[in-house]
Amino acid sequence: MRAARTLLFWLHLSAGVSAGAIILIMSATGAVLALKPQILNRIDRDVRFVEPASSAQLSPSLIVAAVRIARPDAAVASIAIDRDPKAAVAVGMGRGGTVYVDPYTGDVLGGGSETAESFFRSVENWHRWLAVGAEGRATARTVTGAANLAFLVLAISGLYIWWPRKWTPQHARPIVWFTRSRTGRARDFNWHNVIGFWCAPAIIVMTFSGVVMSYPWANGLLYRALGSTPPTPAGERGGGPGGGRGGAAPPIVPESLDALVRRAEEQLRTWRTIAARFPNRAEAPVAFTLSDGASWNRFARSQLTLDPVTAGVRQWQPYDSNSLGQKARGWLRFAHTGELAGLPGQLIAGLGCLGGVMLVWTGISLAIRRFFAWKIWTPARARAVVVESGDPLFVQRLMDE
């Protein structure tokens, strides 16, 4: 048993040292991104939110018309309506970004803060691709995916390695809470254990979901484990109903937009948000994404495709009709950021990422200290550390590995 624990420890140490730098970058950027939605809402509160009026909201077509007057050179590509009376309507302009419109007056309030968006875009580029250019992102994604997988292994193995042999106060104290230590090594050891112990659940959720998102084999395994058929790889799919986005033709806003939105509202009467994406061919159907306000999962999204002339339903895929694999994949996507549990989940995810930063820091520190001290660690030195720390059981664990 001790030999297995020792072997696992050295595997843990090797993986941590090998992937430590990448894990540090991903953890630090993940902590910054944890509250991104709330931060952007706060920074852009003057354009994303409005004062509710007693009058009825304008129709979608009038909102689009107002945007066209304010931005005559931009092509309207989408519109997103929120049931919250304080929310502005978001109108997508393709590469021109998103502008927000007061649904009561038709005033174009403007876009979000370019500085904030640029900052978070840069942080996301570091988090996903280590800030490399488009030509190197495939390689960078391989590196970050491997580091994420290594972090998952580290979190699971760390729990096993440092799990108290006996749940007594004397054994558990240096594992589950911070202790006063007189040596740097004892301090780093204690911090590494305590932070790892409390952050492991969040780290395991985030890294497991990251593995599923990074590797097709992991994604397929998730689907099969839940008795569902894995999705077709993106490269093997045919063109969508809108005729694809690769053509030069700009998006076309259907003349029947108001009727289409009313039909979408009727299709899901408990809708919370409705987003329409406009095709680049007049005869192509219009695709809607609807989130259900009655679901516990605020990211429960249903897909609706309507005929642009008759407003008839071409295709309806309610969220409840999704396979268990599809639902689980969606849960993991938003569990990765903590958003599945709302603000409390995001805070836990952010703290888990900060814990990851400290785990790398203390882990590398312990590895360096071990490297320079491995030949001078003698029984006499152990006795000296026992005297300094006042905790012989704690020091014994140091010596075991």
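Trainee: Let me start with one residue. Does Asp188 count as buried or exposed?

Mentor: This is a predicted model, so read every value as computed from that model. Burial is judged by relative accessible area, and under 20% means buried. Asp188 has 2% relative accessibility, so Asp188 counts as buried.

Trainee: Which residue meets the side chain of Asp188 in a salt bridge?

Mentor: General idea first. Side chains of opposite charge can pair when their charged atoms come close. Here the partner is Arg187, with 3.1 Å from N to O. Arg187 is partly exposed, at 33% relative accessibility.

Trainee: How many salt bridges does the structure hold?

Mentor: There are 5. Another one joins Arg281 and Glu283, whose closest N and O atoms are 2.8 Å apart. Arg281 counts as partly exposed at 34%. Glu283 has 51% relative accessibility, and over 50% means exposed, so Glu283 counts as exposed.

Trainee: What about Glu124 and Lys36?

Mentor: Their side chains also meet in a salt bridge, at 2.5 Å from N to O. This pair links distant parts of the chain. Glu124 sits in helix H5 (residues 114-129) and Lys36 in helix H2 (residues 36-43), 88 residues apart. Glu124 is buried, with a relative accessible area of 18%. Lys36 is partly exposed, at 23%.

Trainee: Now helices. At what angle do H7 and H8 pack?

Mentor: Two packed helices are described by the angle between their axes and the distance between the axes. Helix H7 (residues 169-176) and helix H8 (residues 184-214) pack at about 85°, with axes 6 Å apart. An angle of 65 to 115 degrees counts as roughly perpendicular, so H7 and H8 are roughly perpendicular to each other.

Trainee: Which residues make the contact between H7 and H8?

Mentor: H7 brings Pro174, Ile175 and Val176. H8 brings Asn190, Asn193, Val194, Phe197 and Trp198. Sorted by class, this contact has 6 nonpolar residues, 2 polar ones and no charged ones.

Trainee: Phe197 and Trp198 are both aromatic. What kind of aromatic pair do they form?

Mentor: A pair of aromatic rings is described by the distance of the centres and the angle of the planes. The count for this structure is 6 aromatic pairs. For Phe197 and Trp198, the centres are 5.3 Å apart and the planes are at 85°, which is edge-to-face. Phe197 is buried, at 17% relative accessible area. Trp198 is exposed, at 53%.

Trainee: How many residues apart along the chain are Leu304 and Pro318?

Mentor: They are 14 residues apart along the chain, and their C-alpha atoms are separated by 7.9 Å.

Trainee: Let me try the steps on Asn219. Which helix holds Asn219?

Mentor: Helix H9 (residues 216-225) holds Asn219. Next comes burial: Asn219 is buried, at 13% relative accessible area. Last come contacts. Beyond its neighbours within four places in sequence, Asn219 is in contact with Val212, Pro231 and Arg329.

Methods:
Residues numbered from 1 in each chain as written. Predicted model: local features only at pLDDT ≥ 70, side-chain atom pairs only at ≥ 80, totals over all residues. Heavy atoms only, no water. Salt bridge = Lys/Arg side-chain N within 4 Å of Asp/Glu carboxyl O. Helix = DSSP H or I, 4+ residues; strand = E, 2+ residues; numbered from the N terminus. Buried < 20%, exposed > 50% of the residue type's maximum accessible area, 1.4 Å probe, protein only. Axes fitted to C-alpha atoms, helices over the stretch in contact; angles between N-to-C directions. Parallel < 35°, antiparallel > 145°, perpendicular 65-115°, else oblique. Contact = heavy atoms within 4.5 Å. Nonpolar A, V, L, I, M, F, W, Y, C, P; charged D, E, K, R; others polar. Phe/Tyr/Trp six-rings, centres within 6.5 Å; stacked < 30°, edge-to-face > 60°.
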